[in-house]
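Take each task on its own before reading its solution.

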Amino acid sequence: MIEAPAAQIAVSALKALEKKADVTANNIANVNTDEFKASRALFETGEGPGVSVTITEEDTPGTTQPDGSESSNVNLPVELVNLITTQHSYSANTRVIE
């Protein structure tokens, strides 16, 4: 039997992972949007049990296009790895709750 704090931590992790998946999906959706800056969801432990999320924008530039515009700085392989790790983390936390 799981103690209540462990379940609370797992639920907060699920909420944080949902935000991370949203950020990753937004990055992927904008991979071809000129001047789009990718975001990252950073997890932190709070004062109490659980996980909090801070969303930051990456400052790295995209590549310069022949017309002088800047492409997005989204790295698609990195985003796909983020989706896979988020999925596995989500599955692990649902098992904790079960």
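## Exercise 1: Salt bridges

Task: find how many salt bridges the whole structure holds, and which residues form them.

Solution. A search of the whole structure turns up three salt bridges, where a salt bridge is a side-chain nitrogen of Lys or Arg within 4 Å of a carboxyl oxygen of Asp or Glu. Before going on, note that this is a predicted model, in which local features need pLDDT of at least 70, side-chain atom pairs count only at pLDDT 80 or more, and totals for chains, interfaces and linings use all residues. Residues are numbered from 1 along each chain as its sequence is written, and side-chain values use heavy atoms, with hydrogens and water left out.

Step 1. Start with Lys37 and Glu70, whose side chains meet in a salt bridge at 2.5 Å, N to O. This pair links distant parts of the chain, 33 residues apart: Lys37 is in the loop between helix H1 (4-29) and strand S1 (39-45), and Glu70 is in the loop between strand S2 (51-57) and H2. Helices (H or I, at least four residues) and strands (E, at least two) are DSSP runs, numbered from the N terminus. Glu70 has 23% relative accessibility, so it counts as partly exposed; buried means under 20% relative accessible area, exposed over 50%, and partly exposed in between (1.4 Å probe, protein chains only).

Step 2. Next, the side chains of Glu58 and Arg40 meet in a salt bridge at 2.7 Å, N to O. Because Glu58 lies in the loop between S2 and H2 and Arg40 in strand S1, the pair ties together parts that are 18 residues apart in sequence. Glu58 is partly exposed, with a relative accessible area of 22%, while Arg40 counts as buried at 18% relative accessibility.

Step 3. Arg40 also forms a salt bridge with Glu79, with the closest N and O atoms 2.8 Å apart. Glu79 lies in helix H2 and Arg40 in strand S1, so this pair ties together parts that are 39 residues apart in sequence. Glu79 and Arg40 are both buried.

## Exercise 2: Helix H2

Step 4. Look at Asn93, which counts as buried at 18% relative accessibility. Its side chain reaches the backbone oxygen of Ser89 at 2.9 Å. Not counting residues up to four places away in sequence, Asn93 touches Ala10, Ala13, Leu14 and Leu17, where contact means heavy atoms within 4.5 Å.

Step 5. Tyr90, also found in helix H2, is partly exposed at 36% relative accessibility. Leaving aside neighbours within four places in sequence, Tyr90 is in contact with Leu14 and Leu17.

## Exercise 3: Strands and backbone angles

Task: describe how S1 and S2 run relative to each other, and find which residue of their hairpin takes a positive phi.

Solution. Step 1. S1 and S2 run antiparallel and are joined by seven bridges; two strands pair if DSSP finds at least two bridges between them.

Step 1. Leu42 stands opposite Thr54 in S2, and the bridge partner of Thr45 in S2 is Val51.

Step 2. The hairpin has five residues between the strands, and Gly50 takes a positive phi near 120° there.

Step 3. Most residues other than glycine have a negative phi. Glu35 has a positive phi of about 65° although it is not a glycine. Glu35 is placed in the loop between H1 and S1 and is exposed, with a relative accessible area of 54%.

Methods. Polar contact = N/O pair within 3.5 Å; in protein donor to acceptor, adjacent residues only side chain to side chain.
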